[in-house]
Amino acid sequence: FSDPVLSTIINRDDYQLAALLFHELAHQLVYIPGDTEFNESFATAMEREGLKRWLNANETNVAESRDIIQAAEARIQHREEFAALVADTIEQLQEIYGSELAVEAMQDAKTEIFGFMRDDYARLKTSWDGFNAYDAWMASDLNNAQLNTVATYFTWVSAFEKILEENDYDLNLFYAEIQELSELGVDQRSYILYSKIN
């Protein structure tokens, strides 16, 4: 492998490893240098669709497939809730960055906002049945770059899923449309994706 394969990857459940592979393989299919939102949202959409097809192709029995899909959907829901929490924090930070606050007051406000985010995360996690994948991230020294990284994974996921639905889940048609999108300028591409979810 050209990238390191960590024990935390290999020791995942089969369905989690399959989902990760679908995500990473999507980057080989379509990748736009400098457009992380497009790349990661596309890969996340492919991760979801790929998992469903993988379960079907492996003739996983209905009950087991349902349980796996539910577990995967729960993880996806946790990720989306976490991403929404981060997006809300980014919005609050942008408000203080655009304010007339002095530098020291702005830093204090930023620290307070991060504290609120950690409190909100602790409350959110109580509904996650022990899922704690973001604990280490939340315990780290947070900064704007970290927040932006989380937000980029989900920006356009629903738009890609809408395009897939519009193509009757035909992957060849879907990939052709995504390839066309990838050849547009970032503003035009973003406008089209935005129109799919609004």
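Reader: Is Gly-98 buried or exposed?

Author: The model under discussion is a predicted one, and in it Gly-98 sits in the loop that runs between H4 and H5. A residue counts as exposed when its relative accessible area is over 50%. Because Gly-98 has a relative accessibility of 59%, the class it falls into is exposed.

Reader: How many Å separate the C-alpha atoms of Gly-98 and Gln-179?

Author: Along the chain, Gly-98 and Gln-179 are 81 residues apart. The C-alpha trace of the protein spans about 60 × 40 × 35 Å along its principal axes. Within that trace, the separation between the C-alpha atoms of Gly-98 and Gln-179 is 37 Å.

Reader: Which class of accessibility does Ser-127 belong to, and how far is its C-alpha atom from that of His-78?

Author: Ser-127 is located in the loop between H5 and H6. Its relative accessibility is 49%, and it therefore counts as partly exposed.

Reader: What is the relative accessible area of Asp-35, and which residues is it in contact with beyond its neighbours within four places in sequence?

Author: Asp-35 belongs to the loop between helix H2 (14-29) and H3. Buried means under 20% relative accessible area, and Asp-35 is buried because its value is 9%. Once the neighbours within four places in sequence are left aside, the residues in contact with Asp-35 are Val-186 and Arg-189.

Reader: Which residues does Ile-178 touch, not counting residues up to four places away in sequence?

Author: Ile-178 is one of the residues with the most contacts inside the largest nonpolar core. When residues up to four places away in sequence are not counted, those that Ile-178 touches are Val-30, Phe-38, Phe-42, Phe-160 and Ile-163.

Reader: How many residues make up the second, separate core?

Author: Among the members of this second core are Tyr-15, Leu-51, Leu-55 and Ile-68. The core is separate, and its number of residues is five.

Reader: Which helices do the buried residues of H5 pack against?

Author: H5 has 23 residues and reaches 33 Å from its first C-alpha to its last, close to the 33 Å expected at 1.5 Å a residue. Its buried residues are Met-106, Ala-109, Lys-110, Ile-113, Phe-114, Met-117 and Tyr-121. The helices against which the buried residues of H5 pack are H4, H6 and H7.

Reader: Taking the protein as a whole, what percentage of its residues count as buried?

Author: The secondary structure comes to ten helices and zero strands. The protein exposes about 12,000 Å², of which carbon and sulfur atoms supply 51%. Of its 198 residues, the percentage that count as buried is 36%.

Notes:
Residues numbered from 1 in each chain as written. Predicted model: local features only at pLDDT ≥ 70, side-chain atom pairs only at ≥ 80, totals over all residues. Heavy atoms only, no water. Helix = DSSP H or I, 4+ residues; strand = E, 2+ residues; numbered from the N terminus. Buried < 20%, exposed > 50% of the residue type's maximum accessible area, 1.4 Å probe, protein only. Areas by Shrake-Rupley, 256 points an atom, 1.4 Å probe, with all protein chains shown as cover. Core = buried A, V, L, I, M, F, W, Y, C linked by side-chain atoms within 4.5 Å. Contact = heavy atoms within 4.5 Å. Expected span 1.5 Å × (residues − 1).
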